[in-house]
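Please read the sequence and the model side by side. The text below goes through salt bridges, a helix and strand pairs in turn.

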Amino acid sequence: MKKLVALFAVVAAFFTVSCGGSDSPGDVVVETYELVAAGKYEKVVDKFYVANPAEEEEFKSTMLSLCNEKMKPQLEAKGGIDKVELVSEEISEDGKSARVTTKITYGDGTSEDERTKMVNVDGEWLVSMEK
């Protein structure tokens, strides 16, 4: 499951895009996991921040393939995502980054706490792949 989490962190870091700029970073992370649970990987990919626009299409294509080939089977083995809960949200003083902790509960009853780094780009919270 750690591999699934690492995979999602990579995917999230590249594709998070907020819906209108007013959502909190925690809202965006929860929404991203809900999209994963629904199998809407094309929308998940759009939730990630890609620093270099020239690499965006290649990144999205790679992440979409990883979602379908790696993440989906791992989630199916865990019974899918049953529930996503926001545990904490820490926004930096300058408002440009945040760390969000969520609790992911799977269909098989297991759960994990996940930390996601976010970046604020032009008023929109996106998943960041930076450490």
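Lys78 counts as buried, at 17% relative accessibility; buried means under 20% relative accessible area, exposed over 50%, and partly exposed in between, with a 1.4 Å probe and protein chains only. This is a predicted model, in which local features need pLDDT of at least 70 and side-chain atom pairs count only at pLDDT 80 or more, while totals for chains, interfaces and linings use all residues. Residues are numbered from 1 along each chain as its sequence is written, and side-chain values use heavy atoms, with hydrogens and water left out.

Lys78 forms a salt bridge with Asp108, and their closest N and O atoms are 3.7 Å apart. This pair links distant parts of the chain, 30 residues apart: Lys78 is in the loop between helix 4 and strand 1 (81-91), and Asp108 is in the loop between strand 2 (97-106) and strand 3 (111-121). Helices (H or I, at least four residues) and strands (E, at least two) are DSSP runs, numbered from the N terminus. A salt bridge is a side-chain nitrogen of Lys or Arg within 4 Å of a carboxyl oxygen of Asp or Glu. Asp108 is partly exposed, with a relative accessible area of 42%.

How many salt bridges does the structure hold? There are six. Side chains of opposite charge can pair when their charged atoms come close. Another of these contacts is between Arg115 and Glu90, whose side chains meet at 4.0 Å, N to O. Arg115 belongs to strand 3 and Glu90 to strand 1, so this pair too links distant parts of the chain, 25 residues apart. Arg115 is partly exposed at 47% relative accessibility, and Glu90 is partly exposed at 44%.

Salt bridges with shared partners also join Asp46, Glu56 and Lys60 into one network. Asp46 lies in the loop between helix 3 and helix 4 and is partly exposed, at 34% relative accessibility. Between Asp46 and Thr32 there are 14 residues of separation in sequence and 9.5 Å in space, C-alpha to C-alpha.

Thr32 is one of the buried residues of helix 2; the others are Pro25, Gly26, Val28, Val29, Val30, Tyr33, Leu35 and Val36. Helix 2 covers residues 25-37, 13 residues in total, and reaches 19 Å from its first C-alpha to its last. That is close to the 18 Å expected at 1.5 Å a residue, where the expected span is 1.5 Å times one less than the number of residues. Just after helix 2, Gly39 takes a positive phi of about 75°.

Glu31 lies in helix 2 and Lys47 in the loop between helix 3 (41-45) and helix 4 (56-77), so the pair ties together parts that are 16 residues apart in sequence. Glu31 is partly exposed, with a relative accessible area of 22%, whereas Lys47 is buried, at 3%.

Strand 2 and strand 3 pair in the antiparallel sense over nine bridges; two strands pair if DSSP finds at least two bridges between them. Thr105 stands opposite Ser111 in strand 3. The hairpin of strand 2 and strand 3 has four residues between the strands, and in it Gly109 takes a positive phi near 95°.

Strand 3 is also joined to strand 4 (residues 124-127), by four bridges, and these two run antiparallel. Here Asn120 stands opposite Trp125 in strand 4. Their hairpin has two residues between the strands, and Asp122 takes a positive phi near 55° in it.
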